[in-house]
Amino acid sequence: MLLAAVQSFLNVFFPPPANKFMSMVSAGLLINQVPSSPYFSKSVSSVMSQAVRINVVRFPGDKGKVVLLGSSLQETLEITSGKFGAEIVELLSLKGAVIDDVRVLRDWDTIVAVTKDHTELPASPERCAHDHGQPHGSASEPADFVLRRTAHCLLPDAASRCDWVKLNVGGKVFATTRATLTSDRSSMLTTMFEPGWSSITDGGGAYLIDRSPEYFEPLLNFLRHGKLIINEGVNPQGVLEEAKFFGISKAIEPLEALVQSEELSSSGHFTRKEFLRMLSSTSSASMLRCQGIDLENVDLSYFDLRNINFKCANLRGCNLSNCDLSNCVLERADLSNANLDGAIIQCVYMQRVNLEGATMRGCTMGERLGGNITNMEGANLKAVLFDNSQMNGINLRLASLKGAFLRSCNLRYAIMAGTDLENCDLTGSDLQHANLRGSNLAGVIFDNIIAPLHMSQTVNVTVQAAPLPPQGPLPPPAPPPN
């Protein structure tokens with residue numbers, strides 16, 4: 001009688017089948033099994049550990065519902081249908097794969113529910129044109145299209161951000177994605193292309209923007225990859241004004257530094273203080289254009305000069321000792337009689353640079369792991385002092401090193417084909433695997449070199465032959481011995 005009373009009480013507050021587990025617990029209590037006993041705790045924990053929860057979504061923007069995974073696919077479909085109030089006929093992964101076995105699902109997996117009428121995923125014009133009216137959300141739908149649209153479940157505006165849009169800027173049409181235009185969330189472009197913003201379009205559907213296309217294009221590329229690249233002939237001041245108009249804050253600072261450097265470069269000779277002010281206004285990671293700058297005899301020792309374009313610059317007699325010149329451009333620059341002792345000159349483009357009479361003792365010019373080699377092809381390196389420098393892998397092809405000092409230098413794998421090394425001092429240098437084919441080695445000092453020259457290398461050694469004795473009459477024969 002007591003057992004029947006307890007069972008009726010459970011039926012009122014825990015209707016079947018939800019009271020099944022409670023019935024087990026109550027039955028256990030009636031047979032004097034203590035709930036805190038090891039057997040009881042193990043049974044409860046094993047039942048609870050088998051519960052797998054999945055997040056089921058139906059359409060873009062849907063936050064989904066948490067569903068307890070059933071013991072079979074059919075049971076899971078029934079539970080999911082009850083949750084959504086619609087008949088769910090199929091479950092898909094976020095990549096569009098059909099789920100036919102619930103054992104492949106793990107706790108908190110996100111899956112897509114497909115209803116019987118296939119209306120859970122709204123159609124797009126592009127997809128309609130491709131499918132010619134085929135209903136969306138079916139099992140035959142391509143996986144990439146399902147993924148693109150179900151991405152809304154994680155980011156509500158993801159699909160709209162992937163839409164391609166056309167811009168008519170001052171008569172020139174640009175094609176890009178909404179995600180690119182809204183990458184700077186504080187810019188005016190983000191506001192213009194937010195939902196609900198109305199803009200005027202031309203006959204082709206491109207949004208009309210009354211600005212200069214020449215200055216807008218570098219900013220569009222900046223939004224695409226985060227790097228500021230301005231083609232030659234484009235005024236950075238105009239690009240700066242466009243960046244301020246559109247509110248692209250990340251591009252304003254490097255543009256201001258670029259404009260300032262160009263203004264200073266056109267104003268004549270620089271002082272150390274002026275150049276330091278220009279350096280402090282820009283990041284060392286961004287390229288600073290200093291083409292043709294005049295820094296003759298200026299002391300720039302210990303400066304961080306990475307990523308600066310010194311093409312055709314006047315650096316005669318400049319003190320660059322212990323500077324970091326990595327990734328600089330020094331093509332055709334004049335560094336004659338400059339002091340570069342202890343400088344870091346890795347991955348530097350120095351084609352046809354003039355370094356005649358410069359001192360470069362203890363420099364690091366060797367090939368950097370994962371970087372480009374320092375290129376001194378065709379450079380004027382006459383009488384340069386390179387003692388104790390790291391020059392492994394350097395490109396000295398067709399360079400002139402007449403009278404240069406390369407004592408105790410590391411020249412492993414150096415490219416010195418066709419190099420003029422006349423009267424060069426290579427005492428104690430490491431020339432292992434160096435390429436000296438076609439080089440002029442007249443008067444070169446090879447004392448105590450670490451590695452011998454390869455016999456297969458063709459070198460041009462000019463040797464002055466000793467003069468032959470004059471041809472005269474033959475001496476008379478010696479008289480016979482007595």
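## A contact at Arg-397

A polar contact is a pair of N or O atoms within 3.5 Å; within protein, one must be able to donate a hydrogen and the other to accept it, and residues adjacent in sequence count only if both atoms are side-chain atoms. The side chains of Arg-397 and Glu-377 are joined by a polar contact of 2.8 Å. This is a predicted model, in which local features need pLDDT of at least 70, side-chain atom pairs count only at pLDDT 80 or more, and totals for chains, interfaces and linings use all residues. Residues are numbered from 1 along each chain as its sequence is written, and side-chain values use heavy atoms, with hydrogens and water left out.

Arg-397 lies in the segment after strand S9 (308–309). Strands (E, at least two residues) and helices (H or I, at least four) are DSSP runs, numbered from the N terminus. Arg-397 is partly exposed, with a relative accessible area of 37%. Buried means under 20% relative accessible area, exposed over 50%, and partly exposed in between (1.4 Å probe, protein chains only).

Which residues does Arg-397 touch, not counting residues up to four places away in sequence? They are Met-376, Glu-377, Gly-378, Ile-415, Ala-417 and Thr-419. Here contact means heavy atoms within 4.5 Å. Ile-415 is 18 residues from Arg-397 in sequence, but their C-alpha atoms are 5.9 Å apart in space.

Two strands pair if DSSP finds at least two bridges between them. S5 (residues 164–169) pairs with S6 (residues 172–177) in the antiparallel sense, over six bridges. The two strands form a hairpin with two residues between them. Gly-170, in the turn, has a positive phi of about 60°.

Leu-167 has Phe-174 as its bridge partner in S6. Asn-168 has Val-173 as its partner in S6 and Leu-208 as its partner in S7. S5 and S7 (residues 207–209) run parallel, joined by three bridges.

## Helix H11

Helix H11 spans residues 236–246. At its start, a side-chain oxygen of Asn-235 comes to within 3.0 Å of the backbone nitrogen of Gln-237. Buried residues of H11 include Val-239, Leu-240 and Phe-246. After H11 comes Gly-247, with a positive phi near 70°.

## Cysteines

How many disulfides does a search of the whole structure find? It finds zero. A disulfide is a pair of cysteine sulfur atoms within 2.5 Å. Take Cys-424: the closest cysteine sulfur, in Cys-409, is 8.7 Å from its own, so the two are too far apart for a bond. Cys-424 is buried, with a relative accessible area of 0%. Cys-347 is also buried, at 10%.
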